[in-house]
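Good morning, everyone. Please have the model open on your screens. I'll start where the two chains meet.

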Amino acid sequence: MKKSGPDDRTFSGNSTTVSLASVAGEYLETILAGDRRHAVDLVTEVADSGIPIKQIYTDVFQQCQFELGRLWEENRITVAKEHLATAITQLAMSQLYNRFDFADRVGKKMVAACVGGELHEIGLRMVADFFELDGWNTHYLGANTPIREVVEMAFDIGADIVALSTSMTFNVEKVRDAVEAIRTYRQPGGGPKILVGGRPFNVEPTLWQYVGADYFAASATGAAESVGKLSHHSASVEGERR
Amino acid sequence: MSGFPAPPSSAAVAEFRDRGEEIVSKTLELSDFYRGLEGEDAGIVASKMRKGLEMTHRVVASVAQVPGPALLQDQVSWATTRLPHEGFTPAMVAANLATFNDAIGRTLTAEHAAEIEPIIEWLIDQITTAPSEGMG
């Protein structure tokens, strides 16, 4: 990851060539140092300059999370450091929420959850925030949610999409169980569409079919794009029915 | 072994999944990995081994029927990159997997064991031939 320099802090939301690599470098150093205040200042400053929130998520937060994972796997940072840095990013994401430039509501609902003991929730939170930005009403349940609770909430609120995420390969089985539970609850063959994502799905691109999902996305951007197609399709189908 | 094994049947995976606790306990029983250690050290190693074996069991149960080696290859990468930092060299992991496979053979029906064992053998083969980058 590129290190930041004194001249790299210039950015403009109007520039098509803007790169947040230097911001990401500085942000990574900041969160590893445990400096919450500077980390939040850094990203809010970027957001206030006009850089889209989604770009900050993908080019700063997502890149830093990937880097944290790599550093931990190579034993270059401790578990404590990784948790510290991730917690700061969750704080920073919260601080950006009041800067969200929401699209008009599209009348769609999402339930997003990690199941089966899965604790790595930040990627899913990014997905939920992207949908929120796109005008969806998202019910983000976070880490380690019991499958039955996910299913009941999805049907209770009439969710259009359930997003399930896992970072750990050993939780793929639980995602599959959750998909089956959704498919067979109350109205077999009906119910919400299912979007899956997370590291194992990126490693094996056919895995989403194996678990029985409707969609897979390798990133928050991809998730919003692929389900966006559904949103338009459903809208036109509903229009035809009226 | 070089080729990636054919996916096992659903019945074999179901038995493997349901009898995971027995397989893990049998592996620990058969392992001489921590026999020379005493007291707290033996307890720590046994605890780490159990956790690792439980994870291995869940990984294999999760993806045994997924065609293609990518997910298990990713676990090999994990074993050769991360586990040395937890005190387990690739040789140790391979030895533990061999014991795990032995336990599978002693726990599952012969027919189902014969379907699962090639996956573990493939993992052992990959771990013992993987470059040791990232270690140390």
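This is a predicted model: local features need pLDDT of at least 70, side-chain atom pairs count only at pLDDT 80 or more; totals for chains, interfaces and linings use all residues.

How many salt bridges does the rule find across the interface of chain A and chain B? It finds three.

Which parts of chain A supply the side that touches chain B? Four helices each give at least two residues: α3 (53–73), α7 (172–184), α8 (199–203) and α9 (207–211). The top contributor is α7(A), with five residues. By type, this side of chain A has seven nonpolar residues, four polar ones and eight charged ones.

Now the totals. On chain A, 19 residues are in contact with chain B, and on chain B, 19 residues are in contact with chain A. Polar contacts link 10 residue pairs between the chains, counting pairs with both residues at pLDDT 80 or more.

Let's move to chain B as a whole. It has six helices and zero strands. Along the sequence, then, you read α-α-α-α-α-α. Chain B has 136 residues, and 47% of them count as buried. Now take contacts in chain B between residues at least 6 apart in sequence. Of these, 76% join residues at least 24 apart.

Next, one helix of chain B. Find α2(B), residues 20–30. Its buried residues are Gly20(B), Ile23(B), Val24(B), Thr27(B) and Leu28(B). Why do these residues lie on the same side of α2(B)? Because they cover an arc of only 135° around the helix axis.

Staying in chain B, find Thr80(B). It sits in helix α4, residues 70–81. Is Thr80(B) buried or exposed? Its relative accessibility is 5%, so Thr80(B) counts as buried. The side chain of Thr80(B) reaches the backbone oxygen of Ser77(B) at 3.2 Å. Val93(B) is 13 residues from Thr80(B) along the chain, and their C-alpha atoms are 8.9 Å apart.

Back to chain A, and to Gln62(A) in helix α3. Gln62(A) has a relative accessible area of 15%, so it is buried. What does Gln62(A) touch, leaving out residues up to four places away in sequence? The list is Tyr57(A), Met126(A), Ser219(A) and Ala220(A).

Last, two asparagines in chain A. Asn75(A) is not a glycine, yet it has a positive phi of about 65°. Asn75(A) lies in the loop between α3 and α4 (79–97). At 40% relative accessibility, Asn75(A) is partly exposed. The other is Asn144(A), a residue other than glycine with a positive phi near 50°. Where does Asn144(A) sit? In strand β2, residues 137–145. Asn144(A) has 44% relative accessibility, so it too counts as partly exposed.

Methods
Residues are numbered from 1 along each chain as its sequence is written. Chains are lettered from A and ligands numbered from 1 in the order in which they are written. Side-chain values use heavy atoms; hydrogens and water are left out. Contact means heavy atoms within 4.5 Å. A salt bridge is a side-chain nitrogen of Lys or Arg within 4 Å of a carboxyl oxygen of Asp or Glu. A polar contact is a pair of N or O atoms within 3.5 Å; within protein, one must be able to donate a hydrogen and the other to accept it, and residues adjacent in sequence count only if both atoms are side-chain atoms. Ala, Val, Leu, Ile, Met, Phe, Trp, Tyr, Cys and Pro count as nonpolar, Asp, Glu, Lys and Arg as charged, and the others, Gly among them, as polar. Buried means under 20% relative accessible area, exposed over 50%, partly exposed in between (1.4 Å probe, protein chains only). The arc is that of the directions from the helix axis to the C-beta atoms.
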